[in-house]
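Please keep the structure in view while reading.

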Amino acid sequence: MLVIGAGGLGCAAGIALARSGLELDVTLVDPDRVERSNLHRQVLFDDRDVGHSKAERAAEKLHALSGGAITARGVIDRVDVTNAEQLARAHDVVVEGTDRHESKFLAADAAALARTPVVHAGVVRWAGWAMASTPFESACLRCVFEDVPSGEVETCSEAGVIGPAVGVMGALEAALAVQILEGRREVAGVLHRFDARTASARTSRVKSRASCPLCGERATIRALDRERYAAPACAT
Ligand SMILES: [Zn+2]
């Protein structure tokens, strides 16, 4: 299993996996260090981790929390066009826990090109969504959202996220990833939406879009081109 990002979603997914009792091989990739201001939602970390690599610390904690059932490896790197497809190909499922739109589309494209299932989630303030996708079987991220949104759309790093909403969506990502690994591929292509203010959840099956540029009949995305993921960067 490849976990992209050891932020709020990656931490919550990691704890759920660590407590699942399953024996898993997990690679966590994140370029950043633990910051005190993020501890409220990055629940794998505490004060002693501040300043250390998120990927390495998260890997150590997953191994310890799982009682050794999880073999985890931390990679201090940013997933980009140079490594994304190779990383996806080397794993049986991708759990994408980034907070940038362009990183989500990069993960979706890389996973499809590598023919590896991927689980996405996102949170803005109290509202979260999650969806698993099996390449060229179920709907993909681009069937739902089409493309990197233009500048006016808030990302969670700009709008802020509510810790418990991140916890719910990260745990759901873990549940979806485990089901994919267990062969329950029918969980893919279902969009889950959750509002932590009202604890209301909505689930809808998404149809693959014939005009999808990634998985449609005349798909145009055949490689990871840097220009496609060039949305303005923001602090994470
Ligand atoms: Zn698609």
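Helix 4 (residues 101-114) lies across strand 1 (2-4), strand 4, strand 5 and strand 6 (127-133), and its direction makes about 170° with that of strand 5. Here contact means heavy atoms within 4.5 Å, axes are lines fitted to C-alpha atoms, for helices over the stretch in contact, with angles from 0 to 180 degrees between N-to-C directions, and helices (H or I, at least four residues) and strands (E, at least two) are DSSP runs numbered from the N terminus.

The model is a predicted one, in which local features need pLDDT of at least 70 and side-chain atom pairs count only at pLDDT 80 or more, whereas totals for chains, interfaces and linings use all residues. Residues are numbered from 1 along each chain as its sequence is written, and side-chain values use heavy atoms, with hydrogens and water left out.

Eight strands form an open sheet of mixed pairing in the order 3-2-1-4-5-6-7-8, where two strands pair if DSSP finds at least two bridges between them. Strand 3 (70-75) and strand 8 (200-205) are the edge strands, each pairing on one side only, and the twist from one strand to the next averages 15°. Helix 2 (residues 54-65) packs on this sheet, touching strand 2 (24-29) and strand 3, with its direction at about 175° to that of strand 3.

Strand 4 (residues 94-96) and strand 5 (residues 118-124) pair in the parallel sense over three bridges, and Glu 96 has His 120 in strand 5 as its bridge partner. Strand 6 and strand 7, by contrast, pair in the antiparallel sense over five bridges, with Ala 127 standing opposite Asp 195 in strand 7. Strand 7 (residues 190-195) is mostly covered, five of its six residues being buried; buried means under 20% relative accessible area, exposed over 50%, and partly exposed in between (1.4 Å probe, protein chains only). Strand 7 also pairs with strand 8 in the antiparallel sense over six bridges, and the two form a hairpin with four residues between them, in whose turn Ala 199 has a positive phi of about 55°.

**The zinc site**

The protein donors of the zinc ion are the SG atoms of Cys 140, Cys 143, Cys 212 and Cys 215, which lie 2.2 to 2.3 Å from it. Donors are N, O and S atoms within 2.8 Å of the metal (3.2 Å for Na, K and Ca), and since water is not among the atoms, sites may look incomplete. The arrangement is tetrahedral because the four donor atoms subtend angles of 94 to 119° around the zinc ion, the criterion for four donors being that all angles lie between 85 and 135 degrees. Cys 212 is buried, with a relative accessible area of 0%, and Cys 215 is buried at 17%.

**Salt bridges**

A search of the whole structure finds 14 salt bridges, each being a side-chain nitrogen of Lys or Arg within 4 Å of a carboxyl oxygen of Asp or Glu. The table lists some of them.

| Pair | Closest N to O |
|---|---|
| Lys 61 and Asp 46 | 3.9 Å |
| Asp 109 and Arg 142 | 2.8 Å |

The pair of Asp 109 in helix 4 and Arg 142 in helix 5 (residues 141-145) links distant parts of the chain, 33 residues apart. Asp 109 and Arg 142 are both buried, whereas Asp 47 and Arg 36 are exposed.

Conventions: Four donors count as tetrahedral if all angles lie between 85 and 135 degrees; four count as square planar and six as octahedral if opposite donors are over 155 degrees apart and all others between 65 and 115; anything else is irregular.
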